[in-house]
Amino acid sequence: MSRRSSSTRADSGTSSMDERERGFGGRVVHGHGRGRILGFPTANLAVEPGEPVPEDGVYACRLWIGTEPEQLGATISIGDNPTFGDVHDRRVEVYVHDLDRDLYGSDIRLEVAVRLRGMVRFTSLEELIRQTESDVVASRAVLAAQARHPLPWHPSGLEDGGAPRRTRS
Ligand SMILES: Cc1cc2nc3c(=O)[nH]c(=O)nc-3n(C[C@H](O)[C@H](O)[C@H](O)COP(=O)(O)O)c2cc1C
């Protein structure tokens with residue numbers, strides 16, 4: 001496990017993240033189907049080469065499905081699910097908040113709000129479930145706070161809805 005991917009710090013933001021990595025997406029494909037058993041069904045994204053996927057970890061994200069205008073919230077996991085040891089590729093798994101709908105085949109766009117932690121190899125499923133529960137609580141809180149106080153770089157915080165505002169000092 002690399003130092004960065006094993007980090008458990010709750011990053012205060014995504015300041016170190018390349019601006020281009022805030023937005024990415026892909027098509028929903030089938031995963032192992034374990035998510036529903038764990039209580040957190042996830043949509044697994046097939047990401048096209050060249051998409052700027054952030055480093056392994058758990059993130060709070062804003063999400064859009066296809067051309068639907070509604071903005072949803074999600075908690076996502078990026079990595080090879082080290083708890084299981086049978087996942088040999090890098091997965092982007094999306095737990096969409098407040099949505100009980102099969103997204104298989106849909107195209108999804110994501111925008112990172114914050115990085116919550118790194119990927120962890122848990123020694124029991126109970127630990128993974130407990131941590132995932134608190135990730136979702138933290139993710140919802142961050143997304144709600146950012147919706148109340150949009151950051152200047154987020155389009156919804158701009159009067160013209162356009163390019164990020166740059167302040168000069
Ligand atoms: C919010 C969230 C955090 C996760 N964190 C981890 C983690 O730290 N370690 C890990 O091995 N898997 C983690 N996972 C991935 C789960 O292991 C995975 O979603 C589960 O095995 C279901 O996978 P499947 O859809 O391919 O069946 C996380 C998933 C979510 C939604």
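Two residues are taken to be in contact if their C-beta atoms, placed from the backbone, lie within 7 Å. In this predicted model, and leaving aside neighbours within four places in sequence, C61 is in contact with A74, I76, L110, E111, V112 and A113.

**Confidence and overall fold**

The chain averages a pLDDT of 83, and 76% of the residues score at least 70.

The secondary structure comes to two helices and six strands, which follow one another along the sequence in the pattern β-α-β-β-β-β-β-α. Among the contacts between residues at least 6 apart in sequence, 66% join residues at least 24 apart. Of the 169 residues in the chain, 25% are buried.

**The nonpolar core**

The largest nonpolar core holds 24 residues, and those touching the most other members are A60, C61, A74, I76 and V94. Two or more residues of this core come from each of β2 (43-46), β3 (57-65), β4, β5, β6 (107-117) and α2. C61, already described, has both A74 and I76 among its contacts, and these two residues are also named with C61 in the list of core members that touch the most others.

**The surroundings of the ligand**

The ligand is surrounded by 24 residues, of which G31, H32, R34, S77 and T83 are the closest. The elements that give two or more residues to this shell are α1 (35-38), β4 (72-79), β5 (91-96) and α2 (125-148), and α2 gives the most, with three residues. By residue type, the shell around the ligand divides into 10 nonpolar, 11 polar and three charged residues.

**V87, in a loop**

V87 has its place in the loop between β4 and β5. Is this residue, V87, buried, exposed or partly exposed? V87 counts as partly exposed because 16 C-beta neighbours lie inside 10 Å, whereas 20 or more would be needed for a buried residue and 12 or fewer for an exposed one. When residues up to four places away in sequence are not counted, V87 touches D80 and N81. V87 and H32 are 55 residues apart in sequence, while their C-alpha atoms are 9.1 Å apart in space; H32 is itself one of the closest residues to the ligand.

Notes:
Residues numbered from 1 in each chain as written. Predicted model: local features only at pLDDT ≥ 70, side-chain atom pairs only at ≥ 80, totals over all residues. pLDDT = per-residue confidence, 0-100. Near = placed C-beta within 6 Å. Helix = DSSP H or I, 4+ residues; strand = E, 2+ residues; numbered from the N terminus. Nonpolar A, V, L, I, M, F, W, Y, C, P; charged D, E, K, R; others polar. Core = buried A, V, L, I, M, F, W, Y, C linked by C-beta atoms within 7 Å.
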